[in-house]
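Subject: Structure handover

Hi,

Here is the structure I promised to pass on. Have a look at it first, and then read my notes below.

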Amino acid sequence: METDVLIIGGGPAGLSAAYETASRGLNVTIIEETWYLGGQLVQQTQSFEDMPNHYRQLCGFEIAENLIKKVEPFGIHVLTDHTLIGLYENGEMGISNDRDVFPVKASKIIMATGAAEIAVPFPKWTLPGIMTAGAAQILINRDRVLPGTKTILIGSSSFAFELAKQLHEVGIEVKGIVEQQSDIVLQNNCLIDEIEKLNIPILKNTKVIEAEGKGQVETLVIESNQGPQRIDVDFVCLDGGRNPILEAFLIANCSLSYRKILGGWVPDYDLNFETSSEGVYVAGNSTGITSKAAIFLTGSLSGISVCESLGKINSTEASQMKNLFWEELYQVEQQVNLEGWNSRLKHIEGYMGPNSHQSLSGIGRKING
Amino acid sequence: MTKVNTSYETIIVGGGVIGNSIAFHLSERDQEGILVIDKNFPLSGTSGSTQAWVWVHNKTPASYAEFSMYSAELYPYLSRKIGDVEYKRTGGLSPFFTEKDLEKAHKLAQKYSELGIKIKVLNKEEVLAKEPSLSPDVVGATFSKVDGNINPFRLVDLLIRASKKQGVAYSYYNRVLDIERTENAFIVHTQKETYLCKKLILAGGAWSKELGSYLGIHVPVKQVRGQIMVTEPLAPLLNYTISGMRQAINGEVLIGYSMEEVGFDRRGTLDVIQETANMAIRYVPSLANANVVRCFSGIRAMPKDGYPIIGHVPGVQNLYVAAMHSGITLAPLIGTLMTELILDGETSIPIDDYSITRFQEPVGQL
Amino acid sequence: MDNTTIICRCEEINQEEIEEAIQIGAETFDDIKRLTRCGMGPCQSKICMNLVSSIISEKTSHPLSQVPVPRLRIPLRPIQISTLATGSSNFSSVKSVMDEVELDERR
Ligand SMILES: Cc1cc2nc3c(=O)[nH]c(=O)nc-3n(C[C@H](O)[C@H](O)[C@H](O)COP(=O)(O)OP(=O)(O)OC[C@H]3O[C@@H](n4cnc5c(N)ncnc54)[C@H](O)[C@@H]3O)c2cc1C
Ligand SMILES: Cc1cc2nc3c(=O)[nH]c(=O)nc-3n(C[C@H](O)[C@H](O)[C@H](O)COP(=O)(O)OP(=O)(O)OC[C@H]3O[C@@H](n4cnc5c(N)ncnc54)[C@H](O)[C@@H]3O)c2cc1C
Ligand code: FES
């Protein structure tokens, strides 16, 4: 199979990249492992502050629907239930749909495989009923199945707070959000008020001792300075944070760098989001986890860069568009996650050399100043 | 980095199965001052990415098969000394699918019998009786009782533990960067330290060429990649070690091996994995339904003519080399013979055929 | 955390086994993998990679940026041999032992 642009991952980043490339006449193929497009947005019923302007009022699955509609007219080859599984000697990507394995020859590849959740280990955390926060969210919002009736959340990112709200909404008793540290650090402190209003306890300075149960979690033992406490639950949600999924990048032999703030190991890339492997681009959470806006905007940026390199837009037009997207990203992130923005620029600098992002006209100066 | 001069009687460069077998056997008899240096952690080289058959038959010339057989015979004793390396003498079957190979097999059996190595040539019915899961397309097979396999991870781990008990020192993540010769010693420069030693053994596997070059010695070893496919644990399926696949104790089947000259690139490629899948089904049709959970690849240290390079390096006092393919099969014997050579000056089984001198290239330049 | 806590759920490897490997000199995920099988399960280390890296970093005092990610193995997902197979019976680089038998004595 041959295509101009091969996009791995049909989440918001992949779709944003698909829009930019397909709408400019390129032949685009999306490979998506699940049976649907939209990625992790599909189970998100909340709306987000840190979004590009035109998405602000919408909640996750609506944005996904929006994006899918937006790319529909351009005749993209969408291969759902298809997974990248390896590489051929000549550099072609190996794709499989469980019945067959075949090579895809592409002029450019955009990898937008998203992020994975990190587990939180403690004694007996492998008991059935203990799951990641994302898994619980998928069950209630996408599959419409309740994982249980009473739960506790371990870890306190804004995602845990969002999820606690959603669990409460569907009638699950949330017995607390457990945090080992003495502080809760959120981009949006309103969430804390909302959770307190729902009478969900926020348990700071609290450690998990162990889980108990016969063949299924029944009790979670936690400990604070007031001593140990046994909480009666029938499922537990773990929020250990997220990090970029690296498999596709390792397959393509892309170099990586470690950036704690971006989520751990992240593929190296330049201002065009091209990785160290020529013709292989990156988008979305795979570029580092900073804000929601970055997911869409990095998708658009990689898409524009691919169009430019395949001669679909000239370089003046391309750099104008790229500057707009970068500017928008800066506008959002300076409010919600300046640390993430700076870390991303440092990441690019680490790969491209000092001050390599100066070309972002006004924007570059804003960071350094 | 602080540079300290530490002295050892013997330094072994390379902590794979070969370096460690030498360390173990040598320290059994002479516990003074042995250091093993590895640039990574043991098993990061070829010994950690191998099929790990202890394989004798089908090797040619017959004298090389005989040499391998002696090593296989040593495994039960080695196990008794260092612990359970999961050595299984399953017997080895080499199936073939053409009449031409049948002829070849008979000739091979004849050659072997002259040296007292017993292999049987089985016809189709006999093969299928022994190994019913093989394809009915099989024409025949050669069979040898001494063939089997081991767990290479346990083998190296247990060799190290036993050697440590016998006083061997280890230094990991410490690459040898250069080696100098003085009149009666070697100065080994590494990432972490500079060492002095009287005797030096190069057991650097696929990196032997580089190690030799520090001393101006040409060790003609090239790199040959091999990719292997591993299934999920399956119910008992194979009774024997088949030349092409084996079933490990936990039920996983390790399938295939390729020969690719791509330098040190250890990535896997689908071209080879798909070919390996074809081979799996051709040999054992019921494997079609098995899931592959991972593939791995390793870089063989392949001497120019395929045969081991072992022994003393002529012209350089107290310098020894041990680089080979089939190092898993040969490890117990190599450890034993190198120890004899170093401590007694001669070996109980001749190793002249495997001397580095056979390459007729300028060796020691001092 | 107590050291019987499972770290690799696919292969049921606990904290203690991982710490023991580190104690004898392992510094990377792959070192530990070869000694303990941690990471060799069906998820191919997706779940345990981060947990193991944190333990390595803590025990060796190497920053996480110096704990390399494990070598990636294809296929990315478990896959049936029949799906992988192409049906061809020409083998270019995959060998059988019989191919290597050379009857002319060279020495
Ligand atoms: C379970 C889960 C729940 C989340 N919920 C929230 C939330 O509530 N709020 C929030 O702010 N963030 C949430 N996130 C973060 C989420 O990552 C982002 O919201 C966003 O979806 C990321 O967009 P993306 O396009 O980069 O990746 P994704 O949306 O993850 O899309 C990547 C796509 O690539 C596909 N893919 C991956 N590997 C392959 C392969 N080898 N071959 C083919 N296809 C492949 C995946 O199936 C997926 O559809 C969640 C993440 C997870 C994992
Ligand atoms: C796919 C495949 C299948 C195989 N199947 C079999 C089989 O079934 N049966 C069999 O008997 N054999 C088999 N082999 C071959 C066997 O695995 C090898 O012969 C054996 O492992 C070699 O051991 P070694 O100790 O020489 O090398 P290694 O294990 O590679 O050890 C060499 C060590 O030297 C170290 N080193 C190198 N340079 C330096 C330096 N400058 N400083 C410090 N340290 C250094 C390396 O880090 C390495 O750990 C197979 C090989 C492959 C690749
Ligand atoms: S959890 Fe370790 S391999 Fe799956």
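First, the ground rules. This is a predicted model, so local features need pLDDT of at least 70 and side-chain atom pairs count only at pLDDT 80 or more, while totals for chains, interfaces and linings use all residues. Residues are numbered from 1 along each chain as its sequence is written, chains are lettered from A and ligands numbered from 1 in the order in which they are written, and side-chain values use heavy atoms, with hydrogens and water left out.

**Ligand 1**

Ligand 1 sits between chains A and C. There are 35 residues around it (a residue is near if one of its heavy atoms lies within 4 Å), and the nearest are Glu32(A), Gln40(A), Gln137(A), Asn285(A) and Lys292(A).

On the polar side (a polar contact is a pair of N or O atoms within 3.5 Å; within protein, one must be able to donate a hydrogen and the other to accept it, and residues adjacent in sequence count only if both atoms are side-chain atoms), Glu32(A) puts a polar side-chain atom 2.6 Å from an oxygen atom of ligand 1. Gln137(A) does likewise at 2.7 Å from an oxygen atom, and Arg242(A) has a polar side-chain atom 3.3 Å from a nitrogen atom of the ligand. Taken alone, ligand 1 exposes 970 Å², and the protein buries 93% of that (accessible areas are Shrake-Rupley with a 1.4 Å probe; for residues, only the protein chains shown count as cover).

The elements giving two or more residues to this shell are α1 (12-22), β4 (83-87), β7 (115-117), α3 (133-142) and α7 (292-309) of chain A. Helices (H or I, at least four residues) and strands (E, at least two) are DSSP runs, numbered from the N terminus. With 3 residues, α3(A) gives the most. By type, the shell around ligand 1 splits into 12 nonpolar, 17 polar and 6 charged residues (Ala, Val, Leu, Ile, Met, Phe, Trp, Tyr, Cys and Pro count as nonpolar, Asp, Glu, Lys and Arg as charged, and the others, Gly among them, as polar).

**Ligand 2**

Which residues come nearest to ligand 2? Of the 36 around it, they are Asp38(B), Ser47(B), Trp53(B), Gly327(B) and Thr329(B). A polar side-chain atom of Ser47(B) is 2.5 Å from an oxygen atom of ligand 2. Ligand 2 alone exposes 1000 Å², of which the protein buries 98%.

In chain B, α1 (17-29), β12 (221-231), β16 (291-303) and α8 (327-344) each supply at least two residues of this shell. The shell divides into 14 nonpolar, 18 polar and 4 charged residues.

**Chains A and C**

This contact (heavy atoms within 4.5 Å) takes 25 residues from chain A and 24 residues from chain C. Together the two chains bury about 2200 Å², 66% of it on carbon and sulfur atoms (buried area is the accessible area, 1.4 Å probe, that two parts lose on being put together, summed over both). Between them are 3 salt bridges (a side-chain nitrogen of Lys or Arg within 4 Å of a carboxyl oxygen of Asp or Glu); one of the salt bridges in the model joins Glu33(A) and Arg77(C), at 2.4 Å, N to O. There are also 8 residue pairs in polar contact, both at pLDDT 80 or more.

**Chains B and C**

Here the contact takes 66 residues from chain B and 45 residues from chain C, and about 5000 Å² is buried, 57% of it on carbon and sulfur atoms. The salt bridge count is 2, and Arg37(C) meets Glu252(B) in a salt bridge at 2.8 Å, N to O. I get 14 residue pairs in polar contact across this interface. On the chain B side, α7(B) gives the most, with 13 residues.

**Salt bridges overall**

Over all chains the structure holds 32 salt bridges. Within chain A, Glu212(A) pairs with Arg230(A) at 2.7 Å, N to O. Glu212(A) is in strand β12 (residues 207-212) and Arg230(A) in strand β14 (residues 227-232) of chain A, so the pair ties together parts that are 18 residues apart in sequence.

Cheers
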